[in-house]
Amino acid sequence: MEPGMEEIPVKVAVRIRPLLSKEVLHNHQVCVRLVPNTQQIIIGKDRVFTFDFVFGKNSTQEEVYTVCIKPLLVSLTEGYNATVFAYGQTGSGKTYTIGGGHIASVAEDEKGIIPRAIQELFQHISENRNIDFHVKVSYIEVYKEELRDLLELETSFRINRSILTFYGLVFEVIVGAKEFQVECADEVISLLESGNAARHTGTTQMNEHSSRSHAIFTISICQKQFTESQKNTDAAQDSSWKSVQVIASKFHFVDLAGSERVTKTGNTGERFKESIQINSGLLALGNVISALGDPKRKSVHIPYRDAKITRILKDSLGGNAKTVMITCISPSSSDFDESLNSLKYANRAKNIRNKPVVNYNPDQDRIDEMELEIRLLREALQNQQVSNQCTHNLNQERTRISSLEEQLTRLQVQCFSYRNCVDEAFPFLVDLNDDVSLKRSQRERLQSWIAMVQEVRKEALTLQETDMGTGTSQETHHITILQLKRELKKCQQALVMDEEVFSQKDHELQILQNQIKTLLQKNEEHLESLKEAQETHRLQNEKMVEQQMLIDQLKEKLEKFTDVKTLDFSCACGHGPAVVASTRRPYSVPLTKSLLHSLHPPSGTETRKAYTSPPAFSLARVMAEFRARSQMILSNIEDQDKVLHCHLSDQSDEEEENTGSKKKTSF
């Protein structure tokens, strides 16, 4: 059992209806009575049963609801699943108790369980404004082992049950049943009325409005609690909303069709077929109750799949729900057997133990996980974008530096070329300045060029001296920059390799997690197979024990049969000739005293004796030897048989008649 999962028993209530007017008219006697100030019932003379709740003929609808159903409604609002179902023979008051009839025409104090639960649920919702409630209802029936939606009146299509897998857990759910979102109690009552009108009912000799199907009315609620600050805050921006958990729970109201006896209901034709299906489903339900009520049920298979109604009530009987079973019985002595059987089943149901838990919505937990994963992915994406931006800026700087270096190189080359040109032209300009044939304007212009070249040379010398003084430090800085660039490049390469390693490790981790999930699923499958194999082994052991007992019985019968045959054969060997001689003489003269005297000589005459084998041999061998020795005796008798000549006289006739009468007497 999982931690925090507490087992609680199914609560069982018994309600005794009053005698009907026709039962009073026919002077039916009361065979059921209550023990005052206890929860006990006496049926017949001395059969006593004890239950959780007992209601007599004077009990009211409000009393039944307050004692049995109100605690279930409180559990429903706390997040537990709840179920109440009425059980009993036809005409015992199940539909009246559950409230599945025409609600509008019923007085307020006569309303059943379902209308009262609806009113109280919506009253609870109106009193708790800080909780966000969503209520849905559905209404289905099981008619002739087929599921039918009572709220989809236009199509009335059939619905089925399917197997779903969610987070490794297997659920069996109803597919096709329409759920209606409701906002108030009047909407639910209206849907309930329309479903009751569409339900299969009929008239029998025991009940004018007999339910011909099992009906399940389900109220599903989903609740989420908010504080005032959370309601006014955007959930996408405020992370506090993630701490709120959604709770989803269901309340099943089950009105079972009553068990029927054809001799009492007088059903024929279609009603008779309905009775067969009803009794078949109730028999399967009784088998489930018996199996769950068995103290050794851990080794007993629970036959939930034998009928649709038992599959629907699987969680309610031995599963995740708080369940109340209301057994309705008739006090009439004419229904003694049916009432006794209903009380026996109710008594067994007391031993059923459920394991209810609060149904936190797994979808919300999954949403929280996905939101956290999205937030982490966004942060990782932002970091990646920042890293990419830095890398992009660094690449741009590298490109710009390379471009500047190229420009500097070109300028240096040009400068060197210009300097060479000036050095070659300077001596020519100096020689030209000494020429007297130049005009004054030309000479002035030439002298300005010579002065400009001299200034350029001086600046070049000054720069060269400066470069000589600072060349060492610049070279050192240049080397340091190159080293830093190399180290930066190595770090970037290492970072890329680390990212690849991390990505590979994440992929390997994901693969391992998937393998773990697969192994867990296989482990669960193996456990299920082991349980089935253990169950099969147990059944085979039981069959072997039964076969061994049958073999022992056959051995005893065989030994007795062998002893009897041996005794008969011994008698046949000791007195066989006389018997055979007296029974088989189809071809000889009539049997007379003289003939008998000749056939049976005195005791002094030697006769052939037959010996048998000891009885320790098998039956086939004994029978074979018995047949062989019988043939030998018959052959001996036929060899000794002779035709005797005698005179026929009155005396012989009398002897013949006497002999014939003796033969008849022996036969």
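**Salt bridges in a predicted model**

Modeller: In this predicted model, a salt bridge joins the side chains of Arg353 and Glu7, with 3.5 Å from N to O.

Biologist: Why is the contact between Arg353 and Glu7 called a salt bridge?

Modeller: The cut-off is 4 Å between a side-chain nitrogen of Lys or Arg and a carboxyl oxygen of Asp or Glu. Arg353 and Glu7 have N to O at 3.5 Å, so the pair qualifies.

Biologist: Which parts of the chain does the pair tie together?

Modeller: Arg353 belongs to strand β18 (residues 353-354), and Glu7 to the segment before β1 (8-9), so parts 346 residues apart in sequence are tied together.

Biologist: What makes Arg353 and Glu7 partly exposed?

Modeller: Buried means under 20% relative accessible area and exposed means over 50%. Arg353 has 34% and Glu7 has 30%; both values fall in between, so both residues are partly exposed.

Biologist: How do you know that Asp255 and Arg199 form a salt bridge?

Modeller: Their side chains meet at 2.8 Å, N to O, and the limit is 4 Å, so the pair counts. Asp255 sits in strand β16 (residues 247-255), while Arg199 is in the loop between α5 (185-198) and β13 (201-202). The two residues are 56 apart, and the pair links distant parts of the chain.

Biologist: Why are Asp255 and Arg199 called buried?

Modeller: The relative accessible area is 3% for Asp255 and 6% for Arg199. Across the chain, 30% of the 667 residues count as buried.

Biologist: What makes Glu542 and Arg538 a salt bridge?

Modeller: Their side chains are 2.5 Å apart, N to O; with a cut-off of 4 Å, the pair therefore qualifies. Glu542 and Arg538 both lie in helix α12 (residues 440-583), 4 residues apart, which means a separation of about one helical turn.

Biologist: Are Glu542 and Arg538 buried or exposed, or in between?

Modeller: Glu542 has a relative accessible area of 38% and Arg538 has 26%. Glu535, Arg538 and Glu542 form one network, joined by salt bridges that share partners.

Biologist: How many salt bridges are there in the whole structure?

Modeller: The search finds 10. The chain that holds them has 15 helices and 18 strands.

Notes
Residues are numbered from 1 along each chain as its sequence is written. This is a predicted model: local features need pLDDT of at least 70, side-chain atom pairs count only at pLDDT 80 or more; totals for chains, interfaces and linings use all residues. Side-chain values use heavy atoms; hydrogens and water are left out. Buried means under 20% relative accessible area, exposed over 50%, partly exposed in between (1.4 Å probe, protein chains only).
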